[in-house]
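I opened this entry to note what I looked up in the structure.

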Amino acid sequence: MKYLRDVTVVGAGKTPFGIFPDKDLRTLAVEAGQKALANARTDPGAIEAFYLGNFAGPEFTSQNHLAPYISTALGMKGIPSTRFEAACASSGAAFFHAFMGVASGIYDVVMVAGVEKMTCQPTARVTEILAGAGDCATEVKAGSTFPSLFAMIARRHMHDFGTKREHLSAVAVKNHENGALNPDAQMRKVITLEQAMNARPIAEPLNLYDCSLISDGAAAVVICAADRAREFTGKPVKVRGIAQASDFVALDRKPDITTFPAVRGAGQKAYEMAGIAAKDIEFAELHDCFTIAEIVAMEDLGFVERGRGGFFSFEGGTRRTGALPINASGGLKSKGHPVGATGVAQICDVVQQLRCEAGDRQLPRHGLGLAQNLGGSGASCVVTILERM
Amino acid sequence: MQTGTVYTETIVHLAPERFAADVPYQVIIVVLDSGGRITARVDGDRVSIGDHVVETENREGVPVFRKL
């Protein structure tokens, strides 16, 4: 690893996630950006570069060229403004590249934002747009939808490891339990295991309650060189480790679909950079686009052994009271999943825990947290490890 | 005529407009006997992991398999 200086998160802000017919894409992004600037006690003039994560703004809204469209609306003048796309890992990728911009010494202070506006399109069209995260020449052409790719992963995981229907549902129940306490979450209702198991099928074995939501929302952070952190906040959070990895887009290119090489790879590099092991992580925000994705991520990040993710979840190990709380925010399942916003939103959620600002959802052990952002069926992954300074 | 074994499968209940008329339909990943894998549709009876299948047609670039 070449020399990198320490980077800190010094401001964070999010919009609530949900259905907001009167808020367009730019309005959402500006709201989050302004919150992050206020949280960092600074103004747009301090920001030297703007990194935006957004999956499919042009498809959902017809608006392209989004980074300067938003940075100028925030009052930032003349700075490099760029949009990053890595499917559902779009703002994780933006964060990774922003980190590199500061760690390498090119910039001192930058903003990273993520935004998606999805509810302006009917469900059938949303399904079509999301399918673009898959391989359109092969699997999508053959009739795969984005949920169907994860359904095939779930089916194989059940076959190989004995993962059960109720294990998947336990993840949904737990995330709703947490999201019910999150004022910014889209779906704030507790659900029972029976409800989760008997919801209508989307792509078997996944049902409606295995799938994250269609949402509008935005999130933003201000990051800066560690030696300037105290100019912005009394509660800086350090990036201990971060990595981004990739893999084939098409699910049928993976020899084993029950594990994501991009998650394992990014996880390993992030742990190495941080000088820690999986067992040192005290809590995590994992990418539960579908319940099975949280289970596989737990295994790929070394929190449990291969094949044990479902069992561990069913036994309560990932609840707020468990040995390794996962998605105390409510996860994508309950918070919502405005695709491009999720990566930065996860960073905000980890930062909130580290700063002891999570209210009813505050975890007892909140010193070292991990955020995992996944794109497509595992073609992109960004893993970030954060620590309170 | 390609043959292989079903590696995984799903039944799609919610599809984009162009496939809506086919719903519910089965999509599979087949490990081909000749090597490699392919994502395909299924004709006829529902198949399960481990079933042997044979390609019966290619519908405008989409491989379709049937249980052997």
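**Contact between chains A and B**

I looked up the contact and found that it takes 24 residues from chain A and 24 residues from chain B. On chain A, helix H5 (123–131), helix H6 (146–161) and strand E5 (201–203) each supply at least two residues of the side that touches chain B. I noted that H6(A) gives the largest share of that side, six residues. By type, the residues on the side of chain A that touches chain B are 10 nonpolar, seven polar and seven charged.

**Confidence**

I am working with a predicted model. It scores ipTM 0.98 and pTM 0.98. For chain B I read an average pLDDT of 96, with 100% of the residues scoring at least 70.

**Strand E11 of chain A**

Which strands does E11(A) pair with? One is strand E8 (residues 237–246) of chain A, joined to E11(A) by nine bridges and running antiparallel to it. In this pairing I found Val237(A) opposite Arg388(A). Another is strand E10 (residues 368–375) of chain A, also antiparallel, with eight bridges to E11(A). Here Gly369(A) stands opposite Leu386(A).

I then checked the hairpin of E10(A) and E11(A), which has four residues between the strands. Gly376(A) takes a positive phi near 60° in this hairpin.

Notes. Residues numbered from 1 in each chain as written. Chains lettered and ligands numbered in written order. Predicted model: local features only at pLDDT ≥ 70, side-chain atom pairs only at ≥ 80, totals over all residues. pLDDT = per-residue confidence, 0-100. Pairing = 2+ DSSP bridges. Contact = placed C-beta atoms within 7 Å. Nonpolar A, V, L, I, M, F, W, Y, C, P; charged D, E, K, R; others polar.
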